[in-house]
Amino acid sequence: MIRRPIDLATAAMALASSHAALAQHAGDIGLRVAGGRIVTTEITGGGYGDDRRVFGATFGDTGVAWVTANPGFDAMAGAFPAGSRLGFRFAGPLLAWDGDSFEPTSPDGALAGERLRISFLTASATSGAGPVNGFDLAVQPDGGWHRHLNMTLQAATGAAAPEAGVYLARLELYSTAAGIGASEETWLVMNANASPADVAAAFAAAEAALNPPACPADLDGDGQVSGADLGALLGNWGMPGAGDLDGDGQVTGADLGALLGEWGACP
């Protein structure tokens, strides 16, 4: 009898996916339909929580380096029409945190060419230089959907392994059912052996990008743009920091004009 070698990485991920498919757990991405489109929510220990669009992931959390199957995706029974399918697209290239912002993983970017491969059994898709179509999977007969997709960080061409760091995958979730629009971008902030400080900073930046303040010139957060905010801006004139409203690295007349344009109570 011929014994075939066991691919331990594949076996481990298959086991993780089979266990994960049994029930939702805290940290999964909840899916529901609201306003005619897919909406993503946080799943906590108490069930479905608030709507959110930024989620965390950690490569190696299942014991296989540069691979994760978390977070999973979960929709309650009846959320989607039976017989329909749910899937994803890459909304853009894989990005990497450079300490200040997310940059494309390209030879000219923060890191040199890493890609994210997402797979489930024989279906797979890999991020590219722009938007890339993914794949879709059948909704359960009860209208629910629970899937943990295998996500693998691939090294740049010619490299032995990916660079350690924090990566950002931008996904768009879609349904094949008529009348259900695709989600807004859902972001995965992915820890690839990065420091806790870098992960926290990258996550905060992602949250800020998708949830910008309604009143950016309200520098002291008191609900209005007033003399206190003007003073803070002028105190940093010509330097980075509070008051750099356009993000160009220094406080200038452009920032002063933006502040005066928001003068008064925040909307």
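I started at Cys 266, which counts as partly exposed because its relative accessibility is 21%. My scale: buried is under 20% relative accessible area, exposed is over 50%, and partly exposed is in between, with a 1.4 Å probe and protein chains only. This is a predicted model, so I noted the ground rules: local features need pLDDT of at least 70, side-chain atom pairs count only at pLDDT 80 or more, and totals for chains, interfaces and linings use all residues. Residues are numbered from 1 along each chain as its sequence is written, and side-chain values use heavy atoms, with hydrogens and water left out.

**Disulfide**

What does Cys 266 form a disulfide with? Its partner is Cys 215, and the two sulfur atoms sit 2.3 Å apart; the cut-off for calling a disulfide is a pair of cysteine sulfur atoms within 2.5 Å. I found 1 disulfide in the structure. The pair ties together distant parts of the chain, 51 residues apart: Cys 215 is in the loop between α2 (196-210) and β17 (224-225), while Cys 266 is in the segment after β18 (264-265). For these labels, helices (H or I, at least four residues) and strands (E, at least two) are DSSP runs numbered from the N terminus. I read the S-S torsion as about -75°, so this disulfide is left-handed. Cys 215 has 10% relative accessibility and therefore counts as buried.

**Sheet**

Next I traced an open sheet of 4 strands, in the order β5-β14-β10-β11 with antiparallel pairing. The edges are β5 (67-68) and β11 (123-126); each has a single partner strand, so one side of each lacks a neighbour in the sheet. Pairing here requires at least two bridges found by DSSP between two strands. Between β10 (residues 115-120) and β11, which run antiparallel, I counted 4 bridges. Ser 119 has Ser 124, in β11, as its bridge partner.

**His 148**

I looked up His 148 in the loop between β13 (145-147) and β14 (150-154). Buried or exposed? His 148 is buried, at a relative accessible area of 3%. Its side chain makes a polar contact of 3.1 Å with the side chain of Asn 70. A polar contact is a pair of N or O atoms within 3.5 Å; within protein, one must be able to donate a hydrogen and the other to accept it, and residues adjacent in sequence count only if both atoms are side-chain atoms. The side chains of His 148 and His 146 are also joined by a polar contact, at 3.2 Å.

**Gly 249**

Gly 249 is in the loop between α3 (227-235) and α4 (253-261), and 37% relative accessibility makes it partly exposed. Leaving out residues up to four places away in sequence, I see Gly 249 touching Met 239, Pro 240 and Asp 244, where contact means heavy atoms within 4.5 Å. The C-alpha atoms of Gly 249 and Gly 238, 11 residues apart along the chain, are 8.9 Å from each other.

**Whole chain and confidence**

Mean pLDDT (the predictor's confidence in each residue, from 0 to 100) is 87, and 88% of the residues score at least 70. Where is confidence lowest? That is helix α1 (residues 8-20), with a mean of 42, whereas strand β7 (residues 85-90) is highest, at 98. Residues 1-22 stay under 50 in pLDDT.
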